[in-house]
Amino acid sequence: MVLDQSRARHVAIIMDGNGRWAKKRALPRAVGHQRGVEAVRRLVRALEGTGLECLTLYAFSSENWKRPDEEVDDLMNLMRKFIKSDLPEFIANDVKLKIIGDWQSLAPDIVAMLEDALAQTANGKQTLAVALNYGGQHEIARAAAKAAAGGGEVSIDTIAAHLDTADLPPLDLLIRTSGEIRLSNFLLWQAAYAEMLFVDTLWPDFEPAHLLQALDDFARRERRYGGR
Ligand code: IPE
Ligand code: IPE
Ligand code: MG
C-alpha cells in the first residue's frame with residue numbers, strides 16, 4: 001500500500017482552556033469542563049469525515065491531581081457521564097476506544113466502565129485514544145523498565161514497543177488549544193517528529209471545522225525528519 005504522506009493518520013490534541021472559557025463568562029469552571037465534553041462529542045461525531053486512523057485526546061494529566069478535590073471530582077463525574085451517554089454512539093459509529101496513561105488506578109467504578117467500553121468497541125475502525133491519568137515521562141520510564149525486564153536490549157525500538165501507543169500509527173500532528181505553547185508532559189516520545197499547531201481557540205469553542213483546517217495546513221507542511 002502506498003501511503004499518501006500529506007495525509008495525517010494520527011492527530012493528538014491537548015484540550016486546554018475550559019477554565020478560561022468559563023471565567024470569561026463568569027461561570028463556574030465545571031461549566032467550562034461540561035462544554036469541553038460537548039466539544040469532544042462534536043469531534044467524535046465528525047471523526048469519520050477526517051479520514052484519521054486515530055485521534056488522541058489529553059483529558060486528564062498525571063499532574064491534574066494537584067487541582068482542588070472538587071474540580072477533580074467534577075472531572076471524574078463528567079467522565080462517568082460521558083462514557084455512559086456516548087458509548088452507544090461510539091459503537092454505532094465504529095469508533096474504537098483506547099485509553100492511555102495509568103487509567104487502571106482511577107476509581108474502580110470508572111475502571112470497570114472503561115473496561116466494558118473497551119470490550120464493546122474493540123472492533124471499531126477509527127481509534128479514539130483518551131489519555132487519562134497520563135504523563136509522558138512516566139510512560140517512557142514504564143516502557144523502558146518493561147524493555148529492561150525483558151532481558152534484551154534497551155533501545156529506541158524496544159522502548160517504543162512498550163509505550164501505551166505502541167499499536168497506534170506514528171503521531172503526525174499535535175494540536176494545543178488556548179494559546180499555551182507547551183507540551184505539559186503529553187506524548188513526549190511520540191512528538192519527536194510530529195508537526196505542532198498551537199491555536200488560541202479555547203477548547204469549548206473548538207469545532208470540527210478547526211480540525212479539518214488543521215489537517216489542511218498539515219497537508220501543506222514539508223516534513224524532513226532530519227534529512228534534506
Ligand atoms: C483543560 O482546561 C481541561 C483539563 C486540564 C482537565 P483547564 O481546566 O486546564 O482550563 P484553563 O487552562 O484553566 O483555562
Ligand atoms: C494539560 O493542560 C492537560 C490536559 C489538557 C488534560 P493543563 O492545563 O493541565 O496544563 P498546564 O498546567 O497549563 O501546563
Ligand atoms: Mg489548562
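Ligand 2 takes up the space of the largest pocket. A pocket here is an open set of points on a 1 Å grid over the protein atoms alone, where a 1.4 Å probe fits and with protein on both sides within 12 Å along at least five of seven lines; a molecule sits in a pocket if more than half of its atoms lie within 2 Å of its grid points. The model is a predicted one, with local features needing pLDDT of at least 70, side-chain atom pairs counting only at pLDDT 80 or more, and totals for chains, interfaces and linings using all residues. Residues are numbered from 1 along each chain as its sequence is written, chains are lettered from A and ligands numbered from 1 in the order in which they are written, and side-chain values use heavy atoms, with hydrogens and water left out.

So much for the ground rules; back to the ligand. The residues around ligand 2 are Ile 14, Met 15, Asp 16, Tyr 58, Ala 59, Phe 60, Asn 64, Arg 67, Arg 176, Arg 182 and Ser 184. A residue makes this list if one of its heavy atoms lies within 4 Å of the molecule. Sorted by type, the shell has five nonpolar, two polar and four charged residues. In this sorting, Ala, Val, Leu, Ile, Met, Phe, Trp, Tyr, Cys and Pro count as nonpolar, Asp, Glu, Lys and Arg as charged, and the others, Gly among them, as polar. Strand S2, residues 54-61, supplies the largest share of the shell, three residues. Strands (E, at least two residues) and helices (H or I, at least four) are DSSP runs, numbered from the N terminus.

For Asn 64, the distance from a side-chain N or O atom to an oxygen atom of ligand 2 is 2.9 Å, and for a polar side-chain atom of Asp 16 it is 3.2 Å. On its own, ligand 2 exposes 390 Å², and the protein buries 77% of that. These accessible areas come from the Shrake-Rupley method with a 1.4 Å probe.

Ligand 1 comes next, and the space it takes is likewise the largest pocket. Helix H1 (18-24), helix H2 (29-45) and helix H4 (69-92) are the elements that give two or more residues to its shell. H1 gives the most, with three residues. In total, 13 residues surround ligand 1, and the closest are Asp 16, Gly 19, Arg 20, Arg 29 and Arg 67. The shell around ligand 1 splits into three nonpolar, five polar and five charged residues.

Asp 16 turns up again here, with a side-chain N or O atom 2.8 Å from an oxygen atom of ligand 1. A polar side-chain atom of Arg 29 lies 2.9 Å from an oxygen atom of the ligand, while a polar backbone atom of Gly 17 is 3.4 Å from one. Of the 380 Å² of accessible area that ligand 1 has on its own, the protein covers 85%.

Asp 94, in the loop between H4 and strand S3 (95-100), has a positive phi near 60° although it is not a glycine. With 30% relative accessibility, Asp 94 counts as partly exposed, a class that lies between buried (under 20% relative accessible area) and exposed (over 50%), using a 1.4 Å probe and protein chains only. Ser 178, another non-glycine, has a positive phi of about 80°. Its loop runs between strand S5 (173-176) and strand S6 (195-198), and Ser 178 is buried at a relative accessible area of 8%.

Ser 6, in the segment before strand S1 (10-14), is 216 residues from Glu 222 in sequence, yet their C-alpha atoms are 8.6 Å apart. Ser 6 is partly exposed, at 28% relative accessibility. Leu 212, found in helix H8 (residues 208-219), is 161 residues from Gly 51 in sequence and 10.0 Å from it in space, C-alpha to C-alpha. The relative accessible area of Leu 212 is 44%, so this residue is partly exposed. Lys 81 in helix H4 is exposed, at 56% relative accessibility. Its C-alpha atom is 9.9 Å from that of Val 37, 44 residues away along the chain.

Key:
Polar contact = N/O pair within 3.5 Å; in protein donor to acceptor, adjacent residues only side chain to side chain. 1 Å grid on protein atoms, 1.4 Å probe; cavity = no way out; pocket = protein on both sides within 12 Å on 5 of 7 lines; lining within 4 Å.
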